[in-house]
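Subject: Structure handover

Hello,

Here is the structure for your files. My notes on its pockets, cavity and surface follow below.

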Amino acid sequence: MENGAGFWVRLGARVVDLIIIGVIIFLFIGIFSLDTGSRAVQSLEGVFSLLYYVLLPVIWTGYTIGKRAFGIRIINEDGADVGLFQMIIRDFLTPILYAVTLGLAAVVSAVMIGVREDKKAIHDIFAKTRVVYRR
């Protein structure tokens, strides 16, 4: 079994991804002269984030740009590439749980990554995925 990626490397990859998303949103705001407080910008952020976190790993065999930069990827529990349904559960439906619990489930997930031998968070368990070092 491959070594699971820990909290800090996953956090680093997420920060890189957030910076990339932020830059792209900033460019859209500038190009289309959008009001930063408008619903259009909020919708754009939501749609782009969803596409980035859900579709990119399916298309790019488990990677986002941040994960590629940090040498980690998302895989299926059996080692195969992740599927669209898994990514919808992992990065769209599970964050709803995090919001409903006012972030408590997200904190529990972070602790789980730190203390579990397999480094799985709640979203990994629900989606049947693992984040591992690149093979």
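A cavity here is a set of grid points where a 1.4 Å probe fits but cannot get out, and its lining residues have an atom within 4 Å of a point. Please keep in mind that this is a predicted model.

**Cavity**

The structure holds 1 cavity of 30 Å³ or more. The space in the largest cavity comes to about 30 Å³. Helix α4 gives the most to its lining, with 3 residues. Both α2 (39-59) and α4 supply at least two residues each. By class, that is 4 nonpolar, 1 polar and 4 charged residues.

The largest pocket has a volume of about 280 Å³. Which elements give two or more residues to its lining? They are α1 (7-31), α4 (84-100) and α5 (104-115). The lining residues are F7, R10, L11, R14, K67, R90, Y98, A106, S109, A110, I113 and H123. They divide into 6 nonpolar, 2 polar and 4 charged.

**Surface**

There is a nonpolar surface patch of about 1,100 Å². W8, L11, V15, I19, V23, F26, L27, F28, I31 and F32 make it up.

Best wishes

Notes:
Residues are numbered from 1 along each chain as its sequence is written. This is a predicted model: local features need pLDDT of at least 70, side-chain atom pairs count only at pLDDT 80 or more; totals for chains, interfaces and linings use all residues. Side-chain values use heavy atoms; hydrogens and water are left out. On a 1 Å grid over the protein atoms alone, a cavity is a set of points where a 1.4 Å probe fits but cannot get out, and a pocket is an open set with protein on both sides within 12 Å along at least five of seven lines; lining residues have an atom within 4 Å of a point. Grid points are joined across faces, edges and corners, and a volume is the space filled by probe spheres set on the points. Helices (H or I, at least four residues) and strands (E, at least two) are DSSP runs, numbered from the N terminus. Ala, Val, Leu, Ile, Met, Phe, Trp, Tyr, Cys and Pro count as nonpolar, Asp, Glu, Lys and Arg as charged, and the others, Gly among them, as polar. Patches are made of residues with over 30% relative accessible area and no salt bridge: like charges are joined within 9 Å, nonpolar side chains (Val, Leu, Ile, Met, Phe, Trp, Tyr) within 5 Å. Accessible areas come from the Shrake-Rupley method with a 1.4 Å probe; for residues, only the protein chains shown count as cover. A salt bridge is a side-chain nitrogen of Lys or Arg within 4 Å of a carboxyl oxygen of Asp or Glu.
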